[in-house]
Amino acid sequence: MYLRKATIDDAMDIHAWRNDPQTRAASFNKEEIDPDSHIKWFRGKLADENCELFILTDGEKKLGHIRVDINDNTGTISYMINPTHRGKGYGTEMIRLLDAAVDKRVSVLSALVEKDNAASQKCFERNGYERREEGDTIRYSKLKAD
Ligand SMILES: CC(C)(COP(=O)(O)OP(=O)(O)OC[C@H]1O[C@@H](n2cnc3c(N)ncnc32)[C@H](O)[C@@H]1OP(=O)(O)O)[C@@H](O)C(=O)NCCC(=O)NCCS
């Protein structure tokens, strides 16, 4: 299993995963996103040198997607697993693989997780991220492994 760079050909899979009810419940913007707005947003992200988009794959199936928005030395993570492949350890594995795949500028990785998203909290805790309450949410962060 490995991370590869996402391309425009992944746009509609990511759109479908993003609109899945469990993903929407876990997102800060819970609205359903229409395909045109998504494509426009996705093209912008692909073109943004401060953003990296990856697909987790076993070489055949697309298992998940992770995005890192880079600001100075900090990479802020957003991620989701393909709804048909959840609960099989892929979320934990995707976070683990990120350290080696992310841009060299990034030395700190960080994510904001909702308090009721137990599965996501475990993905970060299993990978050694520090947990800190931040209002109604939980901030996970760690120094990237060399
Ligand atoms: C959160 C998410 C990425 C987790 O990925 P996953 O592949 O399903 O998670 P894993 O299989 O690696 O499981 C991680 C841990 O959570 C547990 N878990 C899995 N689903 C769970 C659930 N619905 N409720 C509670 N715990 C759960 C697993 O048992 C595992 O615990 P363990 O390490 O003690 O065995 C995935 O469920 C998802 O895409 N959710 C919607 C989008 C989302 O929440 N993104 C993150 C926003 S911060």
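Residues are numbered from 1 along each chain as its sequence is written. Because the model is predicted, local features need pLDDT of at least 70 and side-chain atom pairs count only at pLDDT 80 or more, while totals for chains, interfaces and linings use all residues.

**The sheet**

Helices (H or I, at least four residues) and strands (E, at least two) are DSSP runs, numbered from the N terminus. An open sheet is formed by 7 strands in the order E1-E2-E3-E4-E5-E7-E6, with mixed pairing; two strands are taken to pair if DSSP finds at least two bridges between them. Strand E1 (2-5) and strand E6 (130-134) stand at the edges with a single partner strand each, so one side of each has no neighbour in the sheet. On average, and with direction ignored, neighbouring strands are turned by 30 degrees against each other. Strands of a sheet pair through backbone hydrogen bonds, in either a parallel or an antiparallel sense.

**Helix packing**

Two packed helices are described by the angle between their axes and the distance between the axes. Here axes are lines fitted to C-alpha atoms, for helices over the stretch in contact, and angles run from 0 to 180 degrees between N-to-C directions. The axes of helix H1 (residues 11-19) and helix H3 (residues 35-47) come within 10 Å and cross at roughly 120 degrees, which makes H1 oblique to H3; angles under 35 degrees count as roughly parallel, over 145 as roughly antiparallel, 65 to 115 as roughly perpendicular and the rest as oblique. The crossing of H1 and H3 is right-handed, a term used where the near helix is turned clockwise from the far one by less than a right angle. Ala11, Ile14 and His15 of H1 meet Pro35, His38, Ile39 and Phe42 of H3, where contact requires C-beta atoms, placed from the backbone, to lie within 7 Å. The residues of this contact divide into 5 nonpolar, 2 polar and no charged; Ala, Val, Leu, Ile, Met, Phe, Trp, Tyr, Cys and Pro count as nonpolar, Asp, Glu, Lys and Arg as charged, and the others, Gly among them, as polar.

H4 and H5 pack at an angle of about 40 degrees with their axes 8 Å apart, so H4 is likewise oblique to H5. This crossing of H4 and H5 is right-handed, and its contact joins Gly91, Thr92 and Ile95 of H4 to Ala119, Cys123 and Phe124 of H5. By class, the contact of H4 with H5 has 4 nonpolar, 2 polar and no charged residues.

**The ligand shell**

Of the 22 residues around the ligand, Ala26, Arg86, Gly91, Ala119 and Lys122 come nearest; a residue is near a molecule if its C-beta atom, placed from the backbone, lies within 6 Å of it. At least two shell residues each are supplied by helix H2 (21-26), strand E4 (74-81), helix H4 (90-101), strand E5 (108-114) and helix H5 (118-125). The largest share, 5 residues, comes from H5. By class, the shell has 10 nonpolar, 8 polar and 4 charged residues.

How values were computed. Contact = placed C-beta atoms within 7 Å.
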